[in-house]
Amino acid sequence: MEYVKAFNGLSKLAKFLLTLFLDPIIAGIYRLIKGRYLIGAIWIFTLGLFGIGWIIDLVTVVLDNKYSFLV
């Protein structure tokens, strides 16, 4: 859970850049840590749901996590 706290403590720009470049792996691991094992594995093996999930994550980061899809 330290990873989740560390990610939440980052600036908006840092979160956006991490999501932009590393989302399929990072987001999959984040979902695994949160206990969402199936969606986490799918996220990693399909590289962010073939790009659709990557876009959803970018929008979620820009909107300050007010809306969270598939998290």
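**View 1. Accessible surface and overall make-up of the protein chain.** About 4,700 Å² of accessible surface belongs to the protein chain, and carbon and sulfur atoms hold 75% of this area. The model is predicted. The chain has 71 residues, 28% of them buried. Its secondary structure consists of 5 helices and 0 strands. In sequence order the pattern reads α-α-α-α-α. Among contacts with a separation of 6 or more, 51% join residues 24 or more positions apart.

**View 2. The buried face of helix α3.** Helix α3 spans residues 37–45. Which of its residues are buried? They are I39, G40 and W43. Seen down the axis of α3, these buried residues fall within an arc of 105 degrees, so they line one face of the helix. That face has three packing partners: α2 (12–33), α4 (47–50) and α5 (52–62).

**View 3. The other side of α3 and the residue that follows.** Y37, L38 and F45 are exposed. These residues sit on the face of α3 turned away from its buried side. Just after the helix comes L47. The phi of L47 is positive, at about 55 degrees.

View 4. L17 lies in helix α2. Is L17 buried or partly exposed? With a relative accessible area of 39%, L17 counts as partly exposed, because the partly exposed class runs between the 20% limit for buried and the 50% limit for exposed.

**View 5. R31, a buried arginine in α2.** R31 belongs to helix α2. The relative accessible area of R31 is 1%, so the residue is buried; the cut-off for that class is under 20%. How far apart are the C-alpha atoms of R31 and A41? The separation is 8.4 Å. Along the chain, the two residues are 10 residues apart.

**View 6. Helix α2 in two close-ups.** This view brings together L17 and R31. Helix α2 covers residues 12–33. L17 is partly exposed at 39% relative accessible area, whereas R31 is buried at 1%.

Conventions. Residues numbered from 1 in each chain as written. Predicted model: local features only at pLDDT ≥ 70, side-chain atom pairs only at ≥ 80, totals over all residues. Heavy atoms only, no water. Helix = DSSP H or I, 4+ residues; strand = E, 2+ residues; numbered from the N terminus. Buried < 20%, exposed > 50% of the residue type's maximum accessible area, 1.4 Å probe, protein only. Contact = heavy atoms within 4.5 Å. Areas by Shrake-Rupley, 256 points an atom, 1.4 Å probe, with all protein chains shown as cover. Arc of directions from axis to C-beta.
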